[in-house]
Amino acid sequence: MSEFIDILLTAGFWAATIRIVSPLIFGTLGELICERAGVLNLGIEGIMTVGAMSGWMWVYQGGDLWTGVLFAACVGAIFGLLHAVFTVHLCLSQHVTGIGITLFASSLSYFVYRMLLPDATTPPKIVPFKPIAVPWLSDLPIIGEALFTQSALTYLALAAVPMVWYVLFRTPVGLAVRMSGENPVAVEAQGINVLAVRTGAVMVGSAFMAVGGAFITMSWFDAFYFGMINGRGWICVALVIFASWQPGKALLGALLFAGLEAIQVRAQQSAGAFIPYQFFLALPYVMSILAMIVMARKTRYPQALLVPFRRGERV
Amino acid sequence: MSKTPVLEFRGVTKRFGTLTANDNVSLTLHQGEVLALLGENGAGKTTLMNILFGHYQADEGEILVDGETLPPGSTQSAINAGIGMVHQHFTLADNLSVLENITLGTESLWSLRQDQAKAREKLAAMISDYGLVVDPDAQVSELSVGERQRVEILKALYRDARILILDEPTAVLTPQEAERLFATLKSITEKGLAIIFISHKLHEILAVSNRIAVLRRGAIVGTLETAVSKREQLAELMVGRMVTRPRLSAIEPGELVLEVRDLSTSGTGATELKQVDLTLHQHEIVGIAGVAGNGQGTLADILSGLRKDFSGTVQLNGQMLKAGNPRAIVASGVGRIPEDRHARGVVADMDIWENLISEDIRSDEVCRAGFIIDGTSARARAEKQIEKFDVRCKGPDAETKLLSGGNMQKLILARALSNTPSFILANQPVRGLDEGAIAYVQEQLLEARKRGAAILLVSEDLDELMALTDRMAVMSHGTLSSALPTGDRTIAEIGLMMAGHGDQGQSNMGISANGH
Amino acid sequence: MVIEPRETVSVWRAGLAPVWAILASLVVCAMLISWAGASIPNAYYLLFKGAFGSAFALNETLTRSIPLIFTGLAVSVAFRAKFYNIGAEGQLYAGALAATFFGTGLITLPPALMVPFLVLTGALAGGALLIIPVLLKTHLKVDEVVTTLLLNFVVLLVVSYLIEGPWKDPASLGWPQAASIIDEGVLPTLLAKGRLHFGLIIALFMAVIIWLMMRFTVQGYEIRAVGHNAKAAEFSGINVNRTVIMTAMISGGLAGIAGVSETAGLKGYLTLDLSPGFGYTGIAVAMLAQLNPLAVVPAAIFLSAVYVGADAMSRAVNIPTYIADVLVGVSILAVLCSVMLSQYRIRWRT
């Protein structure tokens, strides 16, 4: 127990937590935007993979880091567009389309990686984002190292939370997105194109997911491995439910999970002798299921989530 | 009226495949008038409004606002031209506030902030101008049906509508709320707006409109001044022939069939039942009036076997109801017509014969060895039912989703009435049907009454209840009034009871038509 | 753009939908092949030859189709009830765990009993893994897709723990694998040469059984009714929750048998690479089969051929084997589209 508290008190633990939380924040916000507009996006796992691969590959091929992030976001948005064409315009099953997108996007990522790097036995590396120490603030004890010596992408992730909140709850376009997820007929009756709103939301959301993937290969690590997303996308889907579709709560949930992961990395080292490491690895997945159970009774789903909208029907 | 009409339809035609939904429709609407658009279900009223709002594009013809052609296929341009619509099924998001529902789409989507203060000010002014009282910060889910309709009207007025279209606006209101709506409409037209009032209720149209346009099978069959119109004449124009809906003939009630005692469900919402008592006898149709969402659905669910979490007793022919077990309830002689035939009545993606066996699939008639479906005898039985109830289809193997609304309802009647039930629960059995199908369904119910069935008829249409029931009760906030012989209470009294003013049949309420 | 239902859907049009989907997937992959610099006809010729070109190839293709038939059936039954079981992968491993637990010496029965016994335990284990997701769905309305997906990861970690720890075969020279299934429990091979085993017979048998159930029994009727319109099903007296739970047990059971068949039929022992994603490919199988249990068999053989053929093709010309996974992903999307287009028409003008 005291060991556990020791872990909590180290700056390294908090720094790791904040680092690990970044992809979860991007992924959860992305899924949240899609679902607020009424579209479940189970392509998330594949879109994160394709973001991780394409951002990394851009830099590996000589591009610079920020355009790499932008490139990953664009690739994510394209897969988002594919998802939107299927689910929003053709009204196909959101569940099955999402799984199809995930299988397609991740296998395509591996294919492209192997095509471009056929002989790489050990994954080649890039120079990733460097931590930026914020002057003054980074000198604070514990918090300084944890919060203010992170990479620029992490700062972006943390800044994205209030930004997404503001856009969703304080701007007309955010109102249109939320209304599309509650009652698309009402949106259409006010002269706004629901299909366009939903398509836009899914594309933006998917871009977020892809940036989340890119963070893993471009900031957290410096190489692309097969299976490196490893269910993080699904955890994000669970986190959205856990957060009741609120960006602020999404940050809290993501922090909780990241902290768990950071503890497990350290606990593996100290407790690995008598508790198998698989137990720690399984914790995030089990916790995700538990989180959904806990929140199941309390949450109020967007009423038009999973409900397709066909123009001219019942208007 | 020599001025340019504010709105004009010129030769609007819309076809869907072989069906002509609107046939060369020409209409004019002038400032300050209420034009009633009269037509039965399926006459093409909704299609016409969908064209106006750009959800469909007309194949021929054009629409002019103030003499200028309205670009087709654009909701936005209709709204910008000053046309506002109050839909029959409200287009509101329950989980958002009134203000959010009203301001959606009124600002540029890309502006970086909402000007809430200005919106509040404008809304407050409108609320006091028109007397449309509603709390801007309330969640829509907390509002009553009448309040929601006010929000819908405010939504249109907020966008500076000069032409207001109301689609079947009274279908969900109590008579008093309807009167109040009419008063509001009057004050709106006095401010120079023009109104199209869509309805199939003749007395309303006569009360509220200046002119009446009658639509039948997609075409305008007559435009009349309200002042010189007669009810019978309008009815004939609307349907194309004299239709008389069936009426009751006097039959002495027989033995007790259904007895509900002290039925309550837990919870405090308006839909939870509170000590409901009800009896039904053979040869009797008892009506339940009420605004949607006051517990009628809960009572129907319990009697259909969908809910068993209640206290109190329900006895059918002296036996306790098999609560929560629809198949046992059907087997004990209950026929059920659900409220929403698409959502609950049929599985549209399955074949007709499959839908016809859904309630007794484990019976010896269609089931072998307890789990194998006997397709041959099920189809043979379906064939007979299709013929007896005149379901127009290609046969038992046709897909159910291809049936028209009327034929789908006949299919449900076939399933519910074939085994001569002693008790029939008919929940909104004619909603959305055309006159021919309405008459058919009502005749079938009267037929069953004649043969000795007890029928519980739940409806929001007071005219239907007045014409078709022996006794009538009113439901409000989960409380059911006593079921008095139909005619013992006036429409105004029933309306007050629907609004929750209790069963005060004998006392003098001193209510004027303008409400409370 | 307006989507409107066709008034009549000919059997012809509906039956051709998956064919169009396959063609579309092949076109997408052709683009990747030409990007890789190979000749498209030659690559597809090599793929076909690799899958069907010799007795050995055919044998491999059929062998690999066995788990896909099971997972395809599992998915098709579940999707019929709109229960989106994406956890066939995990259920497959659960079945394999059961086969390993009972089949490595704990119980010894004569082969005629041992094999059915292992199949049964595998089915029960696969179904058991779905108990939590299905109860969460029926009682708390928690989306089953996420829970079944998450459980896949958990089950794999359990397998990893067991075969590196308590169940590790001491004779395996350090490789993480479990002990071998005893001889009585091993599924016999069907041909003198090659790896084709008795699992194929079980798979075909299950396909027929499931088809009969869906088409001619009350249970099948109830599953279909719940999937098409749960509210109407409930109104007519079907216990929706019970039906969904039953469907989940059947689905999980079928996926569990896949694990038994792979462990006791093909490999002989449990490893972490028992399944290269058969559970996920099963979704593509079921979709291509349009959820028809009999059509699952050719769909499984087709996708198995793609995998086996892609291996051969990638050895001959320099194309990553991931092309097969791409085709699986694309085919799910393509079949969704083509089935819709067979039932609806799209008009660009309102």
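Two strands pair if DSSP finds at least two bridges between them. Strands here are DSSP runs of E with at least two residues, helices are runs of H or I with at least four residues, and both are numbered from the N terminus. The model is predicted, with local features needing pLDDT of at least 70 and side-chain atom pairs counting only at pLDDT 80 or more, while totals for chains, interfaces and linings use all residues. Residues are numbered from 1 along each chain as its sequence is written, and chains are lettered from A and ligands numbered from 1 in the order in which they are written.

In chain B, strand 13 (residues 284-289) pairs with strand 21 (residues 471-476) of chain B in the parallel sense, over four bridges. Within this pairing, Val286(B) has Arg471(B) of strand 21 as its bridge partner. Strand 13 of chain B is also joined by five bridges to strand 20 (residues 454-458) of chain B, again parallel. There, Leu457(B) of strand 20 stands opposite Gly287(B).

Six of the six residues of strand 13 of chain B are buried (20 or more other C-beta atoms, placed from the backbone, within 10 Å of a residue's own). Glu284(B), Val286(B) and Ile288(B) lie on one covered face, and Ile285(B), Gly287(B) and Ala289(B) on the other.

Elsewhere, 39 residues of chain A are in contact with 40 residues of chain C (C-beta atoms, placed from the backbone, within 7 Å). On the chain A side, helix 4 (65-89), helix 5 (94-116), helix 11 (232-242) and helix 13 (277-296) each give two or more residues. Helix 5 of chain A supplies the largest share, 13 residues.

How values were computed
Contact = placed C-beta atoms within 7 Å. Buried ≥ 20, exposed ≤ 12 C-beta atoms within 10 Å, placed from the backbone.
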